[in-house]
Every structure is written in C-alpha cells, then in structure tokens.
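Student: Could we go through this structure together? I would like to begin with charge pairing and then move on to the rest.

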Amino acid sequence: MSGKTEKPVMADANQALLPCEVCGRSFAPDVLERHVPICKKLFNKKRQPFNSLKQRLQGTDIPTLKKAPQSKNHPVKKSTWRQQHEDFINAIQSAKQCSVAIKEGRPLPPPPPPSINPDYIQCPHCMRRFNENAAGRHINFCKDQASRRFFIPAQTAAKMTSRAQGKAQMGLKKEPPVTKAVATLLANRAQESGKAHPSKTE
C-alpha cells in the first residue's frame, strides 16, 4: 500500500515473512504468491449489503416482495426562495421605518407593494390569483357567477354611492324627542336640586 519497502518479519529463524501489498498482512514468500491475486480480487469486488429479511424468509412459504422502483418523473418546480427572501427583507425594512416614524411622530410610510407569485394563475373574470389546484376549481365557479350577474359599471357606482350615503346617515344620531311630561319632570328635578343646594348656582 505505501511506497516504502518494509523489512521482512522473521517468523522462525529460518523463514522470513513478507507483507502483502494489498491488505498489509505478512506471509511466507511461497504463500504470498498465492495470496496476492486472491487478495486483489477480494478488494476489487464490491460487496452487496446483507439482506436479513431475505435470509429469514428463505425456506418459508412467504414470497419475498420486490419493491417497485419509484418513478423519478416528478416535475421539478422552480424554487422561489430568492423572491421570498426579498419580500421578507422588504417587510422588515418597512417595519423598521414604521417604528422610526412612530417614535419621531411622523406619518407612517406606505406599506411595501404586494409581491406576485409567478406560479399562481390569474382568474380572467375577477383578476385574483390562485395556485394550480385552486385555480382549476375557482375559474369554473367564477365563470358561472359572472354569467349569472351582468355588471353595468354605472349601476354599480350608483349602488356604491347610495350605500355610502346610507351609512353616513346612520352614523348621525338623532336626539330623542322630549315630550311635555318629560320636560315638566326635568324642570321639577332642577327646582328640587336648587332648593336642596342653595349655595350652588344653577
């Protein structure tokens, strides 16, 4: 194995042992001649891993099942880790800017624009984006919904403004009407409290 010439080991006073070049063990010269070719064969041969299951089932009625090789034809999806990493960094930077703005009392900066996943499929009806499985289901559903509802832009704008006006009117609270009985009751209570505490001005 090593390029050094090793000294023969003396087994008996009469016989010198020589080391094998392959395994390093020492043999008598005549034995070494037979050993070297066998040793080279053994070291060059690749050993198969021992299968204990096969040995245990040998001689029984249980058939050994061969595993079917797994098909390696799965489509490899393109990794989007770089896009995700950039989105994460942008989110952290915008959060830092917001915290600085809050400390200094300035108005908050606008949020970072949402990133678009290139793997997602856009629905032609509502312009939302979905993954492959969800897009297949959603597009059919959205197509049916769009065919049922016929949108007229002017009508939709009018509906939206009327809804906004209705919400604004609901937001204004009206004071409850005061009847004559309630007004006289309040006046009597004010007079009684004035008599009980004459020092306080009304």
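**Charge pairing, cores and loops**

Tutor: A search of the whole structure finds 1 salt bridge, that is, a side-chain nitrogen of Lys or Arg within 4 Å of a carboxyl oxygen of Asp or Glu. The model is predicted, so local features need pLDDT of at least 70 and side-chain atom pairs count only at pLDDT 80 or more, while totals for chains, interfaces and linings use all residues. Residues are numbered from 1 along each chain as its sequence is written, and side-chain values use heavy atoms, with hydrogens and water left out.

Student: Which residue forms a salt bridge with Glu104?

Tutor: Arg106 does, and the closest N and O atoms are 2.7 Å apart. Arg106 counts as partly exposed because its relative accessibility is 46%, and Glu104 counts as exposed because its value is 53%. Buried means under 20% relative accessible area, exposed over 50%, and partly exposed in between, with a 1.4 Å probe and protein chains only.

Student: How many helices and strands does the protein have?

Tutor: There are 6 helices and 5 strands, in the order β-β-β-α-α-α-β-β-α-α-α along the sequence. Helices (H or I, at least four residues) and strands (E, at least two) are DSSP runs, numbered from the N terminus.

Student: What share of the 202 residues is buried?

Tutor: Buried residues make up 9%. Among contacts with a separation of 6 or more, residues 24 or more positions apart account for 6%; contact means heavy atoms within 4.5 Å.

Student: Which residues form the largest nonpolar core?

Tutor: Its 6 residues are Cys20, Val22, Phe27, Leu32, Val36 and Cys39. The largest share of this core, 3 residues, comes from helix 1 (residues 29-44). A second, separate core of 5 residues includes Cys123, Ala134, Ala135 and Cys142. A nonpolar core is a set of buried Ala, Val, Leu, Ile, Met, Phe, Trp, Tyr and Cys residues joined through side-chain atoms within 4.5 Å.

Student: What is Phe27 in contact with, leaving aside neighbours within four places in sequence?

Tutor: Phe27 is in contact with Ala16, Leu17, Leu18, Cys20, Leu32 and His35.

Student: And is Phe43 buried or exposed?

Tutor: Phe43, which lies in helix 1, is exposed because its relative accessible area is 54%.

Student: Turning to the record, which residues does the "domain: C2HC/C3H-type" annotation cover?

Tutor: The unreviewed UniProt entry places this annotation on residues 16-45 and 119-148. Such positions are given in the numbering used here, feature names are shortened, and annotations may be inferred rather than shown by experiment. In the model, residues 16-45 are 53% helix and 20% strand, with the end C-alpha atoms 30 Å apart. Residues 119-148 are 57% helix and 13% strand, with the end C-alpha atoms 29 Å apart.

Student: Where does His138 lie, and what does it touch beyond four places in sequence?

Tutor: His138 lies in helix 4 (residues 132-148) and touches Cys123, Cys126, Arg128 and Phe130. His138 counts as buried because its relative accessibility is 13%.

Student: What is the phi of Met127?

Tutor: Phi of Met127 is near 65 degrees, a positive value in a residue other than glycine. Most residues other than glycine have a negative phi. Met127 is in the loop between strand 4 and strand 5 (129-130), and counts as exposed because its relative accessibility is 53%.
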